[in-house]
Amino acid sequence: MSDYVLMFVSTILVNNFLLVQFLGLCPFMGVSNKLETAIGMALATTFVLTLSSVSSYLVFEWILVPLGLTYLKTISFILVIAVLVQFTEMVVRKTSPLLYRVLGIFLPLITTNCAVLGVALLNIKKDNTFFTSLIYGLGASLGFALVLILFSAMRERLNQSDVPKPFKGSAIGLITAGMMSLAFMGFAGLAPA
Amino acid sequence: MSRVDRIWPLPGGIHPPEHKSESNGRPIARLPAPHKVVLPLHQNSGLPAEPLVAIGEQVQRGQLIAKGHHPVSALVHATISGRVTAIEDRPFAHPSGLSVPSIVIESLSDQEAALSPEAVSMAPMRDWATETKERLVSRIQEAGITGLGGAGFPSHIKYLGQRQIHTLIVNGVECEPYITADDRLMREHATDIVTGTQIALKILSASTAFIAIEDNKPEAISAIKAALVAVTDTRIKVKVVPTKYPSGGEKQLVYLLTGREVPSGDIPASLGIVMQNTGTLYAIKEAVVSGTPMTERVVTITGEGTPNPGNYWVTIGTPIQDALAATQVAVTGNRPRVIMGGPMMGYDVDITAPVSKVTNCLLVPSATEFPTAPDPDPCIRCGLCEQACPANLLPQKLFWNAVHHEWEQARLNSLSDCIECGACSWVCPSNIPLVQHYRFAKAEIKREAIETIKADQSRLRFEQRQARLERDAAEKDAKRKARAAEAAKAQAAKAQDTPSTLDASAKDAILASVARAKAKKAASTGPVTQEALENTVVLAQQAVDKTRVKLATAVSDGLPSVEALTGALQKLEKRLADAQSALQSHTETGDAP
Amino acid sequence: MTILTAVIALLILAIIFGALLGYAAIRFKPEGNPLVESIDNLLPQTQCGQCGYPGCRPYADAIAGGDAINKCPPGGMATVEALADLLDLPVLELDAEDPDAEQNRIAVIREDECIGCTKCIQACPVDAILGAAKLMHTVIEKECTGCDLCLEPCPVDCIDMVSQSVTITNWRWQSPEAPKIIATDRAETTHEPR
């Protein structure tokens, strides 16, 4: 039990995918202008990440390993992720057309989110079991969501401020993200990598 | 300390220099009655009161001269005896500097004054304790009493609420610097204020009254306490609050005295509390006990620009320049600069505007007393404004929202709870005019709400119009189809009928009309025939005759359509002439048809 | 052999996923377009056509389809900002011939010259003109949106666009100047794209 708690702490804080492992920075900068958009994106990514973590594990264990096709893991994981993202797109479009419109291109770009593929591949590398990959995926997505929401709140306040012209927009955003990253380094040592 | 005596600390707040001693040292003097008063008809509800008198009519002081139809409106009484000389737009004491419809009364000459009665008043209710609440409230309404603390809300409305009231708070705090009107009133008329409090308690059936006074008014405190001892009314207690601006704000004072917060968007009555200014209660006492309507009030005239700073009984409607001149302030053109109200919440006024029921202070500063504010510097996010806010808001966030026009965010940050006291602007090290930004934001939010309602209405009308047009088009279509079906049926029936069934005369008529139609067609488009030209002449003549008759009628009735008809007649006459000449030339040349 | 297995395995996987997505596409088919509703609610409903579309609803449809948000002069910058906020787009300058032209004007018919032809009544998109054939026409002030569409059809040119005067009831506080920053930023204190 404590292993799972530790795993959560590790993936959410200590080895946060965004700020420590620097994966998934594209939607991080692209969608964080407004809080509502960021929350929508965080939920969509959580859904995709968790499901893809589990389904890619299953595809690996039940199809690729028995058939000796482990070298196909990258392709098949991409296939799984793409299907899941398409499915998520349809759900979002139905439930909230406004969010669909506002997320725009970033919704299908979850397919290319390196955090999602990263989690799937890391599960294999770490030799995780089914339940562990579920926790790992969930933890990674919660960490992503946490940082995305925190950053978008900060970004909203940055947009209101008197930022000098050369720094406006992404520039000041990246500097702030760097400082957040420094802050998250304070968690190092709490749990094994 | 028992719960009743406890005072809660006001969050935030500031301590600006008080400047009270300039004007609170002398008793309230009485300004001589003015020769002219201007009484605005503008009410808080936005709908002006309607005059009950006409120009040239003679009125007496205390006579009802205007009444508003909106339920939230106050009556307007004549404040001097005289003659109504004008009912027109006059300058009004308002930050916009706009004029509103007002009744102007000028005093009569001495002989006329000697012949007319002095003043009109209502029947005194000396034994008011035996009167019913309804009678007392209608007396307050008939006296035209509005809140004298600042907003000028018609007072009787506060007594007509449905909610159960248990506490009356008498606001003698007067936290704004320079103003000392309530201070002197409490010192000199403490007994009357206590009587007013008792009347209010009776109307509200409340069990407790707190008279709140700041601790910088020790004489007022002892005067009120002495008056209470004389009356021995255990329901009324004096509560001394620490001097801090803005302790006198309605929601702030409720919290100070009871520890309870008035919910956002609601009034103290939701907590069972009603608040009245000491001046208002004095006016209520005068209206009930002596029957006098509200015709004058205490105004503090102060500032370095006044040679005689102090408090004065000023007749409501006195033009500000006249009131100032009566205290020996030099008035020329539109100088001096005069602020109505105090230095925190007051605004510059046109000195030809009249003193109104809400004028508690006329501040005449020297140039060095209130220098122009320097240009605002960028916000350095120091957070001093958040420390100073008495309503526990976040002025810094509201400032950024206002500058970037983020009205929804401003609304979520509780902009509507801002009382515009100015404490945040006062502490800002960058001299940012924060209150002005909030006022603009509130105005924009209100404007957007109004525009949304109007846009929804327009959209509804547009959609209904589209629906109507479609419906009409569909009906026309259906009718056309029905007629075509009918015609087809008739055609089929006709084909079966023998020709003899058709009446001979009917046949002739049909043939004749067919011939007429042919001729008309030929006349306009077909080959030139004698018949066609003759027809054209006949038709043109008919048109000219008709238009001549119309023109004659128009000229005799003097209608503006004469010009249009004359032009049309000219055109038609030309057409007739052309047709006649064409016929003539055709007849002459003898062209065969 | 292994290539064949690989191909078949991936093929089967693809077919299963394809079937799943096909089912989802039908199950989660969106109806209508509520986004257009929210956009339309922000437009001022003058139905004037200055945006190039025959009414506010068609323009809302166009915006939902990706058209620019800055084409509505009667809405002004307020509408551009509201649309930018809703759709998370940058705030643009108003795209109109005269962006400072006064909006909020209403039509007034000079009754002495009206000939009762009903052409303006037919032109008004919100039925704000009262009248009938050969009878006096007049504009209902409260309903007029200031769209200018009645000026053209009038054969005697008797309609004026009059700006609404400021009275004590519709007077509003104006914006104070925002604090200036460094000299090169002075031109852009508000409305800058994010």
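This is a predicted model: local features need pLDDT of at least 70, side-chain atom pairs count only at pLDDT 80 or more; totals for chains, interfaces and linings use all residues.
Chain C brings 31 residues to the contact and chain A brings 30 residues. Salt bridges are absent here, the count across the interface of chain C and chain A being zero. Polar contacts come to two residue pairs, both partners being at pLDDT 80 or more. On the side of chain C that touches chain A, helices H1 (2-27), H2, H3 (56-64) and H4 of chain C each supply at least two residues. H1(C) gives the most, with 11 residues. By class, this side of chain C divides into 19 nonpolar, four polar and eight charged residues.

Stepping back to chain C as a whole, its secondary structure comes to five helices and four strands, and the pattern along the sequence reads α-α-α-α-β-α-β-β-β. Of the 194 residues in chain C, 39% are buried. Among contacts in chain C with a separation of 6 or more, 49% join residues 24 or more positions apart.

Now for the other partner of chain C. The area buried between chain C and chain B is about 3,200 Å², and carbon and sulfur atoms give 59% of it. Here 43 residues of chain C are in contact with 38 residues of chain B. The count between these chains is four salt bridges. One salt bridge between chain B and chain C joins Arg468(B) to Asp127(C), with the closest N and O atoms 2.6 Å apart. There are also 11 residue pairs in polar contact across the interface of chain C and chain B, both residues at pLDDT 80 or more. Helices H2 (34-42), H4 (76-87) and H5 (119-123) of chain C each supply at least two residues of the side of chain C that touches chain B. The largest share of that side, three residues, comes from H5(C). Its classes are 19 nonpolar, 13 polar and 11 charged residues.

Salt bridges deserve a paragraph of their own. Side chains of opposite charge can pair when their charged atoms come close. Over all chains, the structure holds 36 salt bridges. The table lists some of them within a chain.

| Salt bridge | Closest N and O atoms |
|---|---|
| Arg61(B) with Glu296(B) | 3.9 Å |
| Glu219(B) with Arg187(B) | 3.6 Å |
| Arg57(C) with Glu37(C) | 3.0 Å |

Arg61(B) forms its salt bridge with Glu296(B). Because Arg61(B) lies in the loop between strand S4 (58-59) and strand S5 (64-67) of chain B, while Glu296(B) lies in strand S13 (residues 296-302), this pair ties together parts that are 235 residues apart in sequence. Arg61(B) is partly exposed at 23% relative accessibility.

Glu219(B) forms its salt bridge with Arg187(B). Glu219(B) is partly exposed, with a relative accessible area of 40%, and Arg187(B) is partly exposed at 21% relative accessibility.

In chain C, Arg57(C) forms its salt bridge with Glu37(C). Here Arg57(C) sits in helix H3 and Glu37(C) in helix H2 of chain C, 20 residues apart. Arg57(C) has a relative accessible area of 32% and is partly exposed. Glu37(C), at 40% relative accessibility, counts as partly exposed. Both belong to a network of salt bridges that links Asp456(B), Arg459(B), Glu37(C), Asp40(C) and Arg57(C).

Is Glu214(B) buried or exposed? Glu214(B), found in strand S10 (residues 208-214) of chain B, is buried, with a relative accessible area of 0%. Beyond its neighbours within four places in sequence, the contacts of Glu214(B) include Cys175(B), Ile221(B), Val241(B) and Lys244(B).

Methods: Residues are numbered from 1 along each chain as its sequence is written. Chains are lettered from A and ligands numbered from 1 in the order in which they are written. Side-chain values use heavy atoms; hydrogens and water are left out. Buried means under 20% relative accessible area, exposed over 50%, partly exposed in between (1.4 Å probe, protein chains only). Contact means heavy atoms within 4.5 Å. Buried area is the accessible area (1.4 Å probe) that two parts lose on being put together, summed over both. A salt bridge is a side-chain nitrogen of Lys or Arg within 4 Å of a carboxyl oxygen of Asp or Glu. A polar contact is a pair of N or O atoms within 3.5 Å; within protein, one must be able to donate a hydrogen and the other to accept it, and residues adjacent in sequence count only if both atoms are side-chain atoms. Ala, Val, Leu, Ile, Met, Phe, Trp, Tyr, Cys and Pro count as nonpolar, Asp, Glu, Lys and Arg as charged, and the others, Gly among them, as polar.
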